[in-house]
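Student: I would like to learn how to read a structure that is new to me, one feature at a time. Could we go through it together?

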Amino acid sequence: MLIPRNSATLLRCARVIALTLASGASAATLRVVTTVALPEGVIARDARWAGAEAAYVSTGKHGVARVALNGPPQNTTVMHGGDQGGFPVVGLLAVGQKDLLVASRLGALGWMPIRAAAPKIGTKGMLTVMDIDARGDTAAVLGADSGPLQGLEREGTIAWIGSLSKDLADMHPLMRGRSHPGGKDMARCGMLEIGAIRFMQDGSLVVLPGTEPGVYRYSRDGKLLRTWDTGPLAIVDDCSIEDEELHQLARDFARRNEWLASRVIVDDVLPLPSGPGLLLRRVENGITKWDLVALRYDGGKPSRTPLPVTMPSPRSHARGDVRGDRILLLMFDDALPQQKAAQPPQLVVFSFN
């Protein structure tokens with residue numbers, strides 16, 4: 001099914017839910033259950049549950065590791081990275097029913113069976129990839145593809161879905177961007193990592209473009225169900241940046257970190273039972289903090305809950321997953337090139353109610 005062409009159409013064809021973070025909204029209670037520090041020097045960027053007591057963690061050029069959350073530290077490589085002839089750089093990570101899906105921010109997608117004696121890695125290239133997710137056999141991608149229209153895919157698609165069992169040969173549009181040509185903002189600002197895409201527990205799919213306002217929820221068959229307004233959150237939700245400044249941010253990693261630290265961004269969207277949970281990141285006095293903003297399917301008021309953990313760096317980020325009543329977060333310091341991270345990445349498990 002082909003989904004609406006731009007945000008204006010989206011706002012007309014779905015009920016828009018205004019976000020009012022009232023003090024009376026019931027907030028979740030978060031409690032730290034387990035913390036697992038990863039080895040110093042590991043570059044970890046994403047995590048998913050790998051069963052009740054383990055996690056899959058993306059580790060850059062080293063691939064994907066399975067990490068035990070209880071007992072002695074134990075890592076098992078399940079997908080090799082570029083240093084061992086595998087996928088070039090594993091940054092983003094998702095887990096389907098039978099396959100691991102990975103991506104690099106530079107636009108490379110890769111996938112492989114989770115259980116295979118000699119697994120074959122499939123690959124596909126795009127112009128840029130902002131985020132990925134998987135559920136069952138279906139992969140979801142937030143990003144822009146190349147094409148003949150000013151270097152972009154003609155229809156301006158920014159969110160896609162396809163089948164892992166078909167090597168994504170059937171990948172087709174879910175959502176088109178508002179910029180002209182469509183997808184231009186996604187291509188320009190993809191490196192800022194301000195958007196997210198995530199399957200919810202009921203099988204619906206939530207898209208937070210980051211490069212344009214709104215949070216969009218789609219049914220399993222691609223029908224737009226609901227739109228939430230992101231304006232009241234005061235997050236970065238557009239790509240209204242002058243070309244000269246954007247080029248500087250792309251070239252200068254330190255300046256990009258400073259730019260992000262001076263704003264509130266969404267690090268990830270978590271599949272909470274009652275609706276999408278937006279992981280809002282902010283920096284105060286050089287310390288990175290997070291709030292979990294829980295949106296509701298039933299139209300109830302969103303709640304905001306501060307995470308009971310912080311990171312001692314203005315460059316830190318968090319990404320994660322939900323299993324039952326537990327949230328898994330990978331928290332890491334995005335250190336400058338040739339510099340040591342403020343602290344090693346860590347996996348933190350929270351209980352919530």
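Student: How many nonpolar, polar and charged residues are in the lining of the largest pocket?

Tutor: One way to read a pocket is to sort its lining by class, and in this predicted model the lining of the largest pocket divides into 24 nonpolar, 13 polar and 11 charged residues. The volume of this largest pocket is about 1,200 Å³, and among its 48 lining residues Ile-43, Arg-45, Glu-193, Phe-253 and Asp-334 are the closest to the centre.

Student: Which element gives the most to the lining of the largest pocket?

Tutor: That is helix H4, with four residues. H4 spans residues 253–261, and it is one of the elements that each supply at least two residues of this lining, the others being strand E11 (128–135), strand E20 (265–272), strand E24 (316–323) and strand E25 (326–333).

Student: What is the volume of the second largest pocket, and which residues lie nearest its centre?

Tutor: The second largest pocket has a volume of about 500 Å³, and of the 23 residues that line it, Trp-49, Val-95, Ala-134, Asp-321 and Val-322 lie nearest the centre. Two or more residues of its lining come from each of strand E3 (46–49), E11, strand E16 (196–199) and E24. When the lining of this second largest pocket is sorted by class, there are 10 nonpolar, five polar and eight charged residues.

Student: How many cavities of 30 Å³ or more does a search of the whole structure find, and which residues line the largest cavity?

Tutor: A cavity differs from a pocket in that the probe fits inside but cannot get out. The search finds one cavity of 30 Å³ or more, and the space in the largest cavity comes to about 30 Å³. Its lining consists of Leu-30, Leu-270, Leu-279, Leu-292, Leu-307, Ile-327, Leu-329 and Phe-350, which by class gives eight nonpolar residues, with no polar and no charged ones.

Student: Let us turn to covalent links. Which residues does a disulfide join?

Tutor: The structure holds one disulfide, and this bond joins Cys-189 to Cys-239, with a distance of 1.8 Å from S to S. The pair links distant parts of the chain, 50 residues apart, since Cys-189 is in helix H2 (residues 184–189) while Cys-239 is in the loop between strand E19 (224–228) and helix H3 (243–251). The link of Cys-189 and Cys-239 is right-handed, with 75° about the S-S bond.

Student: Is Cys-189 buried or exposed, and is Cys-239 buried or exposed?

Tutor: Here a cut-off is needed, because a residue counts as buried when its relative accessible area is under 20%. Cys-189 has a relative accessible area of 0% and is therefore buried, and Cys-239, at 4%, is buried as well.

Student: How should I read strands that pair, and in which sense do strand E8 and strand E9 pair?

Tutor: Strand E8 (residues 99–103) and strand E9 (residues 108–113) pair in the antiparallel sense, over five bridges, and Leu-101 stands opposite Trp-111 in E9. The hairpin of E8 and E9 has four residues between the strands, and in this hairpin Gly-107 takes a positive phi near 105°. E9 is also joined by four bridges to strand E10 (residues 122–125), and these two run antiparallel, with Thr-123 in E10 as the bridge partner of Gly-110.

Student: Which residue other than glycine has a positive phi near 60°?

Tutor: That is Leu-168, which lies in the loop between strand E14 (157–163) and strand E15 (172–176) and is buried, with a relative accessible area of 2%. Ala-234 is not a glycine either, and has a positive phi of about 55°. Ala-234 lies in the loop between E19 and H3 and counts as exposed, because its relative accessibility is 57% and the cut-off for exposed is over 50%.

Student: Lastly, where is Asp-145, and which residues does Asp-145 touch?

Tutor: Asp-145 is placed in the loop between strand E12 (138–144) and strand E13 (146–149), and at 14% relative accessibility it counts as buried. Leaving out residues up to four places away in sequence, Asp-145 touches Gly-125, Met-126, Leu-127, Gly-151, Leu-152, Glu-153 and Trp-160. From C-alpha to C-alpha, Asp-145 and Ile-158 are 8.0 Å apart in space, and they are 13 residues apart in sequence.

How values were computed
Residues are numbered from 1 along each chain as its sequence is written. This is a predicted model: local features need pLDDT of at least 70, side-chain atom pairs count only at pLDDT 80 or more; totals for chains, interfaces and linings use all residues. Side-chain values use heavy atoms; hydrogens and water are left out. A disulfide is a pair of cysteine sulfur atoms within 2.5 Å. Buried means under 20% relative accessible area, exposed over 50%, partly exposed in between (1.4 Å probe, protein chains only). Two strands pair if DSSP finds at least two bridges between them. Contact means heavy atoms within 4.5 Å. On a 1 Å grid over the protein atoms alone, a cavity is a set of points where a 1.4 Å probe fits but cannot get out, and a pocket is an open set with protein on both sides within 12 Å along at least five of seven lines; lining residues have an atom within 4 Å of a point. Grid points are joined across faces, edges and corners, and a volume is the space filled by probe spheres set on the points. Ala, Val, Leu, Ile, Met, Phe, Trp, Tyr, Cys and Pro count as nonpolar, Asp, Glu, Lys and Arg as charged, and the others, Gly among them, as polar.
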